[in-house]
Amino acid sequence: MSQQTYERLVETLGKRGGAAPAIKCPELYELLNELFTPEEAALASQMPMQPISAADLATETGRDRVEVEQLLDVMANKGLIISRDRHGVDLFTVQQMMPGIFEYQFMRGEVNDHCKRLAHLFDDFLDVVAKSFSEGATLPLFPFARVIPVEEEVTASVQIEPYDRVSHYIDTAEHVSVSTCYCRHHGDLLDQGCDKPKEVCLTFGPAAKFNDKRGFGRLISKEEARRILDLSEKEGLVHCSTNTGRYIDFICNCCSCHCFILRSIKHSGMPSAAATSGFIAMVSEEDCIGCEECVERCQMEALSMHGDVVERDAGRCIGCGICVSTCTTGAITMEPRDDRPVTPYDRKSLNDAMFASLGMRSNTG
């Protein structure tokens with residue numbers, strides 16, 4: 001019966017979509033056994049796609065309300081589900097595998113035996129996911145994530161939409177929180193760390209309140225959020241977020257050595273299928289002095305030396321703008337892509353687009 005419970009949980013997680021699909025494999029079952037108790041797995045597998053209150057969930061499942069409230073509270077503290085306050089009532093939703101459950105296991109920056117075991121279990125599962133991609137597994141052609149360019153580096157004459165401005169999301173957010181970079185902390189737990197800053201991952205709106213309440217992050221001022229972005233850009237980190245325009249829940253300041261999305265792009269050389277901004281780097285050979293600083297900063301290896309000047313590989317450029325900020329002669333600029341991707345309005349529109357690219361119908365209603 002316990003195995004059937006976890007099989008139902010995998011089916012529930014599979015309907016959530018996300019960047020890493022819930023592939024049925026021994027590695028995922030071992031991971032879920034570490035994350036969920038059988039009681040938690042059973043309740044999570046019964047939760048609907050839409051947010052639901054503890055009282056309504058108890059009624060729908062025929063369970064005792066107090067028991068349901070206790071299980072939901074524990075799962076929220078573990079980052080397996082999220083909650084949002086709607087008119088004084090907490091509504092709960094099961095997280096996606098990624099982004100979602102994976103990130104929340106490492107956002108606190110904890111170092112203990114449980115976290116180290118989770119790090120290895122996630123590593124094993126993500127290896128299976130990566131292998132399935134390389135072996136031709138059916139993938140959504142519509143990208144789950146997107147890159148937000150370094151705002152100051154977009155050519156002044158170019159019209160830049162609000163959803164391409166990091167400042168827009170900071171200015172309009174009621175709450176902002178910062179957390180440990182889960183990808184780099186995951187690497188640290190595997191003894192595979194790097195020297196990039198870690199307390200740089202930003203969360204916005206209700207998600208920021210949830211993180212602060214549950215200890216996954218701390219609320220910060222908008223001024224501190226801007227300082228964190230400045231530091232991230234100085235360190236050559238890429239702004240990645242969900243591929244939605246109306247709002248975003250987070251901005252990850254990513255490195256290609258640890259970020260699952262950037263690492264996948266770098267190794268596959270297929271940014272259009274994973275994450276790009278609406279811009280692309282353009283190089284002026286006349287202005288390039290061949291200093292190679294941009295080549296060193298580019299995380300996608302989209303820039304290389306061709307004789308004495310820099311050459312850009314359009315197929316590898318994700319339009320992050322990190323190269324522009326280091327160019328002292330203005331030889332590199334950010335220009336709109338000819339095939340500029342359409343940014344979905346919200347999470348439902350994103351899920352619909354991803355499922356449609358697979359020839360399937362979304363389960364998000």
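Mentor: We'll take helix packing, then the cores, then a couple of single residues. Keep in mind that this is a predicted model.

Trainee: Okay, α4 and α5. At what angle do they pack?
Mentor: About 120°, with the axes 9 Å apart. The helices cover residues 54–61 and 65–77. That angle makes α4 oblique to α5.

Trainee: What's the handedness of the crossing?
Mentor: The crossing of α4 and α5 is right-handed.

Trainee: And which residues make the contact?
Mentor: From α4, Ala-54, Ala-55, Leu-57 and Ala-58. From α5, Arg-65, Val-68, Glu-69 and Leu-72. By class, that is six nonpolar, two charged and no polar residues.

Trainee: How does α3 sit against α5?
Mentor: Helix α3, residues 38–45, packs on α5 at about 100°, and the axes are 10 Å apart. So α3 is roughly perpendicular to α5.

Trainee: Which residues touch there?
Mentor: Glu-39, Glu-40, Leu-43 and Ala-44 on the α3 side. On α5, Val-68, Leu-71, Leu-72, Val-74 and Met-75. The α3 contact with α5 has seven nonpolar, two charged and no polar residues.

Trainee: New topic. How many residues are in the largest nonpolar core?
Mentor: It has 91 residues. Leu-32, Phe-36, Leu-72 and Met-97 have the most contacts inside it. Helix α7, residues 113–134, gives the largest share, eight residues.

Trainee: What does Phe-36 touch?
Mentor: Leaving out residues up to four places away in sequence, Phe-36 touches Tyr-6, Leu-9, Ala-41, Ala-44, Met-75, Lys-78, Leu-80 and Ile-101.

Trainee: What about the second core?
Mentor: That one is separate and has 18 residues. Val-200, Ile-220, Leu-229 and Cys-255 are among them.

Trainee: Why do such side chains end up together?
Mentor: In soluble globular proteins, nonpolar side chains tend to be buried together.

Trainee: What happens just after α9?
Mentor: Asp-191 takes a positive phi of about 60°.

Trainee: Last one, Ser-277. Buried or exposed?
Mentor: Buried, because its relative accessible area is 1%. Ser-277 lies in the loop between α12 (260–268) and β10 (279–283).

Trainee: How far is Cys-317 from Ser-277?
Mentor: They are 40 residues apart in sequence and 9.4 Å apart in space, C-alpha to C-alpha.

Technical notes: Residues numbered from 1 in each chain as written. Predicted model: local features only at pLDDT ≥ 70, side-chain atom pairs only at ≥ 80, totals over all residues. Heavy atoms only, no water. Axes fitted to C-alpha atoms, helices over the stretch in contact; angles between N-to-C directions. Helix = DSSP H or I, 4+ residues; strand = E, 2+ residues; numbered from the N terminus. Parallel < 35°, antiparallel > 145°, perpendicular 65-115°, else oblique. Left-handed = near helix turned anticlockwise from the far one by under 90°. Contact = heavy atoms within 4.5 Å. Nonpolar A, V, L, I, M, F, W, Y, C, P; charged D, E, K, R; others polar. Core = buried A, V, L, I, M, F, W, Y, C linked by side-chain atoms within 4.5 Å. Buried < 20%, exposed > 50% of the residue type's maximum accessible area, 1.4 Å probe, protein only.
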